[in-house]
Amino acid sequence: MTAHDLPAWLPLSVAVWLVQMVAYHGFGLWFEWLDRTGRLSTYKVRPVDRWTYAQVLPRVLFNQVFLLLPAMMLAQWAGLAYVGADHLSPLMFILGMLGMTIGHDLVQYFSHAWILHRPELMRTLGHSVHHSTTASRSISACFMSPMDFLMEIVAPYLIPLMLVGGGGADLLFHFFTVSAGAFGGIYEHSGYDFSVKLAQGGPVARFVASRISSKAHAEHHSRGNVSYSDGFGSSNICDTVFKTRWDLVKPRERRRNSQEA
Ligand SMILES: [Zn+2]
Ligand SMILES: [Zn+2]
């Protein structure tokens, strides 16, 4: 199947958005089901958020329907994404993925760490809304003020996508990037950490554990001044370069505290 097989009334940007919605809300509901049934409770490392699923959902849907969808349609209308070849060459596919991962981290870090977290802008731009959650209710990943959502979700996705050439009309490329992104956001806000058992194993197991841990973003929610990159699935380049990664900030604080003591 290619983009040309889509019905005429369904632009590719809308089809990609629909896949993103199925992935986001599918994974979100799965984690919600885990919360309610107590399954996999050994991996639930944080108490469930005081915000309920029903309280969080309307704001999430508003952002996705009235901000993300029009932005994606606009990008296609302007010819900046979702247009072109049905299949990217293998090289362009890989370079595109790489560019999206790195670009996402750059744009998201810039917005999040340097603008949204500025004390004088925290309430004005409404990032405080997202920080009223504790990263322990899957779909709270997109529980944000409109400005926050545009800067942390829409821009870090669409700007790199346009810069790598818009992904052509390659269904696999688009469906994979949005589904992976949706899972990453949902997982790191779920309160589950699937690395806890591996983290007690040998060096290889611990390496895998560090790759699949959801701790970084949880630390961001609890401490506020660490790990601004999207934790799971992100390259975390900026947090490493600017030394804001949660495991790099800890010793500094300890040292300062011991000096104060
Ligand atoms: Zn934040
Ligand atoms: Zn968050």
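**View 1. H221 is a buried residue of this predicted model.** H221 counts as buried because 20 C-beta neighbours lie inside 10 Å of it, and a residue needs 20 or more to qualify. Look for H221 in helix 8, which covers residues 215-223. Leaving aside residues up to four places away in sequence, H221 touches H131, T134 and A135. If you want a sense of scale, find L10 too: L10 and H221 are 211 residues apart along the chain, and their C-alpha atoms are separated by 38 Å.

**View 2. Helix 1 spans residues 12-37.** Its 26 residues reach 37 Å from first C-alpha to last, close to the 38 Å expected at 1.5 Å a residue. Its buried residues include W17, Y24, F27 and F31, along with S13, Q20 and D35. Just after helix 1 comes G38, with a positive phi of about 80°.

**View 3. Helix 3 packs against helix 5.** Here residues 90-116 (helix 3) and residues 146-163 (helix 5) pack at an angle of about 150°, their axes 8 Å apart. An angle over 145 degrees counts as roughly antiparallel, and the two helices are therefore roughly antiparallel to each other. Helix 3 passes helix 5 in a right-handed crossing.

**View 4. A closer look at the residues where helix 3 meets helix 5.** On the helix 3 side you will find, among them, G99, M100, G103, H104 and V107. Helix 5 brings residues including D148, M151, E152, A155 and P156. The residues of this contact divide into twelve nonpolar, six polar and two charged.

Definitions and conventions: Residues are numbered from 1 along each chain as its sequence is written. Chains are lettered from A and ligands numbered from 1 in the order in which they are written. This is a predicted model: local features need pLDDT of at least 70, side-chain atom pairs count only at pLDDT 80 or more; totals for chains, interfaces and linings use all residues. Helices (H or I, at least four residues) and strands (E, at least two) are DSSP runs, numbered from the N terminus. The expected span of a helix is 1.5 Å times one less than its number of residues. A residue is buried if 20 or more other C-beta atoms lie within 10 Å of its own, exposed if 12 or fewer, and partly exposed in between; C-beta atoms are placed from the backbone. Axes are lines fitted to C-alpha atoms, for helices over the stretch in contact, and angles run from 0 to 180 degrees between N-to-C directions. Angles under 35 degrees count as roughly parallel, over 145 as roughly antiparallel, 65 to 115 as roughly perpendicular and the rest as oblique. A crossing is left-handed if the near helix is turned anticlockwise from the far one by less than a right angle, and right-handed if clockwise. Two residues are in contact if their C-beta atoms, placed from the backbone, lie within 7 Å. Ala, Val, Leu, Ile, Met, Phe, Trp, Tyr, Cys and Pro count as nonpolar, Asp, Glu, Lys and Arg as charged, and the others, Gly among them, as polar.
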